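These are my notebook entries on one protein structure. I set down what I looked up, topic by topic.

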Amino acid sequence: MMIYPNPNLYYFVIMPFLKTKREFRPWWRDATEKVIRNGFRVATFGKTIKDKYTGEFKNDKKHGKGVQYYENGTFYEGDWADGTRQGHGVLSNDCGHDMHSRIYTGMWENDQPHGFGLKQYDDGKLYKGLFYRGYRHGHGCMYYPNGSIYMGNWIEGHRSGVGRIIQSDSKNYYEGIFQKGMKYGRGKYHHVSTGQIQDGVWEDGIGKVSIMWDDKRSRPIAKNMTKFPIPRLYLDQPMIIFTDQATPIYERNRICAY
């Protein structure tokens, strides 16, 4: 026996409604997106109230003086142009209880340190000098946690070019050519603790060829002065030896000795 459906009756099938996940939108976001801001305003941009800007607007972009608080706990106070950090400004960490520690103080361009500035690093280093698109670039001084100091040229965040580094413990210092943070090329190492000067050519921080003599200025006050002075040796043509050793280094890296 077969049962056929009655064509005069309507059959309804109840299907569950599929709900799509809606993006969380705070009530204040819709209100702020519908207006074009100009002049002094307070606006919130992120998903939380912590991402807040208080300052000047122009054509709905941050422009002029203002303070931006970020969700990661840092805040920027300074100049803005067309919605980006541009001009002089300070980036700091909010430590709570009205306390904060500065991360970077100086010039900005397109949301990056650019120009003269002072930056404090998490590992204790302090840099004071020129920046270029976020990199240490140009002349600057780096103060290391162990007391050592580097003064000289930087290229894309590395010690490169002419510079001087002073060691904190012995006060010995090297002045000459650097490349990517290493002594590289012609330079002099002043052994202040023993009273000697070492003049030569360096590669990857290691002296390839050099001569050493007693320094009349530092030897009398040297803490670990050598028992006997170093006799001064003279070469007939010292520059020929230096040139022969330095030429392959400069040709490989295209740098010039001073």
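**Entry 1: the chain as a whole**

I note at the outset that this is a predicted model. I looked up the secondary structure and found two helices and 15 strands in the protein chain. I then looked up burial: of the 258 residues of the protein chain, 36% count as buried. The protein chain exposes about 17900 Å², and carbon and sulfur atoms supply 57% of that area. For contacts with a separation of 6 or more, I found that residues 24 or more positions apart account for 13%.

**Entry 2: strands E10 and E11**

I asked how strand E10 is joined to strand E11. E10 and E11 pair in the antiparallel sense over six bridges. As an example of a bridge, I recorded Trp154, whose partner in E11 is Arg159. The hairpin of E10 and E11 has two residues between the strands, and Glu156 takes a positive phi near 50° there.

**Entry 3: strands E11 and E12**

Next I followed E11, residues 158-166, to its pairing with E12. These two strands run antiparallel and are joined by six bridges. I wrote down two of the bridges: Ile166 has Tyr173 as its partner in E12, and Ile165 has Tyr174. E11 and E12 form a hairpin with six residues between them. In that turn, Lys171 has a positive phi of about 65°.

**Entry 4: strand E12 and its pairing with E13**

Is strand E12 enclosed or open? Six of the seven residues of E12 (residues 173-179) are buried, so the strand is largely enclosed by the rest of the structure. E12 also pairs with strand E13, residues 182-191, in the antiparallel sense over six bridges. Tyr173, already noted as the partner of Ile166, has His190 as its bridge partner in E13. The hairpin of E12 and E13 has two residues between the strands, with Lys180 at a positive phi near 50°.

**Entry 5: Gly161**

I listed its contacts, leaving aside neighbours within four places in sequence: Asn153, Gly176, Ile177 and Phe178. I also looked up the separation of the C-alpha atoms of Gly161 and Tyr184, which is 9.0 Å; the two residues are 23 residues apart along the chain.

**Entry 6: aromatic rings**

How many aromatic pairs are there? The count comes to 14 aromatic pairs. One of them is formed by Tyr104 and Trp108, an edge-to-face pair with 5.1 Å centre to centre and 85° between the planes. Tyr104 counts as buried at 2% relative accessibility, and Trp108 counts as buried at 5%.

Another pair is Tyr150 and Phe178, which is edge-to-face with 5.2 Å centre to centre and 85° between the planes. This pair links distant parts of the chain: Tyr150 lies in strand E10 (residues 149-155) and Phe178 in strand E12, 28 residues apart. I found both Tyr150 and Phe178 to be buried.

**Entry 7: charges over rings**

I looked for charged ends placed over aromatic rings. The charged end of Arg85 sits over the ring of Tyr76, 5.6 Å from the ring centre. The charged end of Lys183 sits over the ring of Trp202, 5.6 Å from the ring centre.

**Entry 8: cysteines**

How many disulfides does a search of the whole structure find? The search finds zero disulfides. For reference, a disulfide is a covalent bond between the sulfur atoms of two cysteines. I looked up two cysteines: Cys95 counts as partly exposed at 48% relative accessibility, whereas Cys141 counts as buried at 16%.

**Entry 9: Glu71**

Where is Glu71 placed? Glu71 is in the loop between strand E3 (61-69) and strand E4 (74-81). At 45% relative accessibility, Glu71 counts as partly exposed. The C-alpha atoms of Glu71 and Asp51 are separated by 5.3 Å, while the residues are 20 residues apart along the chain.

Note on methods. Residues are numbered from 1 along each chain as its sequence is written. This is a predicted model: local features need pLDDT of at least 70, side-chain atom pairs count only at pLDDT 80 or more; totals for chains, interfaces and linings use all residues. Side-chain values use heavy atoms; hydrogens and water are left out. Helices (H or I, at least four residues) and strands (E, at least two) are DSSP runs, numbered from the N terminus. Buried means under 20% relative accessible area, exposed over 50%, partly exposed in between (1.4 Å probe, protein chains only). Contact means heavy atoms within 4.5 Å. Accessible areas come from the Shrake-Rupley method with a 1.4 Å probe; for residues, only the protein chains shown count as cover. Two strands pair if DSSP finds at least two bridges between them. Rings of Phe, Tyr and Trp (its six-membered ring) pair if their centres lie within 6.5 Å; planes under 30 degrees apart count as stacked, over 60 as edge-to-face and the rest as tilted. A charge sits over a ring if NZ of Lys or CZ of Arg is within 6 Å of the ring centre and within 35 degrees of the ring normal. A disulfide is a pair of cysteine sulfur atoms within 2.5 Å.
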